[in-house]
Amino acid sequence: VIHTIYIEEDVAEHPRAEQICSRFPNADRVFIRRYGEIFNRNGQSFRLQKKRPALILARKFGRLVLPAPRGYGIGGQRNFYFSHMLNCVYDCRYCFLQGMYRSAHYVVFVNYEDFEKAIEAKLEESPGKEAYFFSGYDCDSLAWEPVTHFVKSIYPFFARHPEAWLELRTKSTQVKSLLEATPLANCIVAFSLTPEPVSKALEHKVPPLQQRLAAMEALQERGWRLGLRFDPMILTEDFHRHYRRLFAEVFERLRADRLHSVSVGPFRLPGTYFDAMTRLYPEEPLFAGPVEARGRVVSYKKRLEEEMMSFCVRELLPYVSEEIFFPAEIDGRA
Amino acid sequence: VIRLVVALPAEAKPLVSHFKLKPAREARGFKIYQNDDMALIVSGVGKIAAAAATAYLQAWTGNRPNGAWINVGMAGHRDLRLGEGILAYRIADRATGETWYPPPVIESPSPRAPVVTVDKVEENFAEDWVFEMEAAGFYPSACRFATAELIQCYKIVSDNGSVPPRWLSMRQVDELLESRFSEIDAVVQRTAALARELAILNKDPRELRTMLDRWHFTVTEKRRLHRLLQRWQALAPEKTLFDSELARRESGKEVLRLIQARVESLPLRLA
């Protein structure tokens, strides 16, 4: 439940802002000039705000679609990401958003039409060539779909542009709108997965694995193309047993031959984010584990990371063909 | 320590009695009342006085970061009933145009409203704001010492469009405040609970003092020791680190090496 909605004066009468506000009729409405007044202020506690985040409705200006970080792709040459929302309704302890933002409030950019124009502009730079657009970098793509209707809004755009691939990255079971729509051949619904014990310990508010698997099964049955993202791969006691079991559970329920892609990548964060997150949660075992800084990135110690990666690759290859398998390059980092 | 800032002795009196505070005789320049958990300062009227009092109270209470801060006071509003309490969701300084937004992390026991700080007593409540004279001094000053979630501004309507601003009698102020003690208590307790959560996080790791008393560490080594002990506590919350093997180490460097080796040998249990 949202108790406070900050609304940029500029979008106060935007139909989408009105529609989102109508979902929370009892929330206090506070009109502001720009969302940065709230979101970017110094001296805020992400951890405390996460207990009761507010919603900010804003207009996104400028760089709406950005080149994806190196190593983020799934086989395409031109990779971009965009975020109609900042921050996530879930509370995953490993999530870099905690280290990147000062505020845990949710920002929704309601000018979806401008995202479409920006994506179209990227397509026009190389007419007819494929490009991949990743949603869900700064938020979960589907978790708040009943509130934002973002996917429903951009669906017709991607239906008109088969050369534009859309990846919806999620941990959510909010798939109703997708199940009601005709599947798009150029859309990948990509689920991030960790073993159940890891999820229970670190992915707060995320639906249980079994419910997500059920949502994935339903989507696959309906004809949607799924991506599996075993990323971040998290070290825990009994790592091998937990991941082996996860892979077995997933491929027992899903048809591997119908998957779009499978990727696996280790836990890694920019050092400055890792430090900020450690200050927020000094008691968190995840941050107390065997990590090291390599360049500007903090990740598991190299030999350990290589061992974890090669284990997962070895375990996944019997299920997944190499053409759709994208293990992260250990040293391919921003 | 929970820190309260009020403008007038008449506002302080019922709160001092309610929270069982005692006068701090050594305070200079401002009247302060306190007990083990709370300190209240009487700032005087106006935003400059409020800012100065807030800074003085911070220093008076030991200059520790991230305490709970609450400004309690009387205010005017066009339509709200006399005695109505509100929690500020926006604080604006009418003279400078500056605006602040206290993050709405605590559940508010009262309606929330925008507050505007004016330099002279407002007699014409033209806008739908709560008018008062201290919040825009108190809030940015408190923000220097605590994260914004721990700073609240609670106002009680003492004048409105029908009852113009006037000097209230002590008894009337007493009655207005007493009628809102339950709301003030709720704001104090909820904000203090957030402050406690941060205090636990910022607490030194369990065995830090023992180590610092026994060995010499450089500033960099102290930081490393601090983090190693935090990691130990996160991974083995039930285990003590100090033992005879550690006691035999002669230098801080040797201690750090041994602790690091022990931390890295611990299994990573996530929950």
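This is a predicted model: local features need pLDDT of at least 70, side-chain atom pairs count only at pLDDT 80 or more; totals for chains, interfaces and linings use all residues.
Residues are numbered from 1 along each chain as its sequence is written, chains are lettered from A and ligands numbered from 1 in the order in which they are written, and side-chain values use heavy atoms, with hydrogens and water left out.

| Helix pair | Angle | Axes |
|---|---|---|
| H10 (209–222) and H11 (239–253) of chain A | roughly 30 degrees | within 10 Å |
| H2 (47–60) and H3 (135–143) of chain B | roughly 30 degrees | within 6 Å |
| H7 (219–235) and H9 (252–265) of chain B | about 25 degrees | 10 Å apart |

In chain A, the contact (heavy atoms within 4.5 Å) brings A:Leu209, A:Gln210, A:Leu213, A:Ala214 and A:Glu217 of H10(A) to A:Leu246, A:Glu249, A:Val250 and A:Arg253 of H11(A). Its residues divide into five nonpolar, one polar and three charged, where Ala, Val, Leu, Ile, Met, Phe, Trp, Tyr, Cys and Pro count as nonpolar, Asp, Glu, Lys and Arg as charged, and the others, Gly among them, as polar.

In chain B, the axes of H2(B) and H3(B) cross at roughly 30 degrees, which makes H2(B) roughly parallel to H3(B), a label for angles under 35 degrees. Their crossing is right-handed, and among the residues in contact are B:Ala50 and B:Ala51 of H2(B) and B:Gly137 and B:Phe138 of H3(B). H7(B) and H9(B) are likewise roughly parallel to each other, but H7(B) passes H9(B) in a left-handed crossing. Residues of H7(B) including B:Leu225 and B:Trp232 meet residues of H9(B) including B:Ile259 and B:Val263, and the residues of this contact divide into eight nonpolar, one polar and six charged.

H7 and H9 of chain B also contribute to the lining of the second largest pocket, together with H5 (181–202) of chain B and with H3 (46–49), H4 (97–100), H12 (271–280) and strand S16 (291–294) of chain A, each giving two or more residues. A pocket is an open set of points on a 1 Å grid over the protein atoms alone, where a 1.4 Å probe fits and protein lies on both sides within 12 Å along at least five of seven lines, and lining residues have an atom within 4 Å of a point. This pocket has a volume of about 1,100 Å³, the space filled by probe spheres set on grid points joined across faces, edges and corners. Of its 37 lining residues, the closest to the centre are A:Asp275, A:Ala276, A:Thr278, A:Arg279 and A:Leu280, while the largest share, seven residues, comes from H7(B).

Two backbone details belong to chain A. A cis peptide bond with omega of about 5 degrees joins A:Asp231 and A:Pro232, and A:Pro232 lies in strand S13 (residues 225–233).
A:Asn87, although not a glycine, has a positive phi of about 80 degrees.

Notes: Axes are lines fitted to C-alpha atoms, for helices over the stretch in contact, and angles run from 0 to 180 degrees between N-to-C directions. Helices (H or I, at least four residues) and strands (E, at least two) are DSSP runs, numbered from the N terminus. Angles under 35 degrees count as roughly parallel, over 145 as roughly antiparallel, 65 to 115 as roughly perpendicular and the rest as oblique. A crossing is left-handed if the near helix is turned anticlockwise from the far one by less than a right angle, and right-handed if clockwise.
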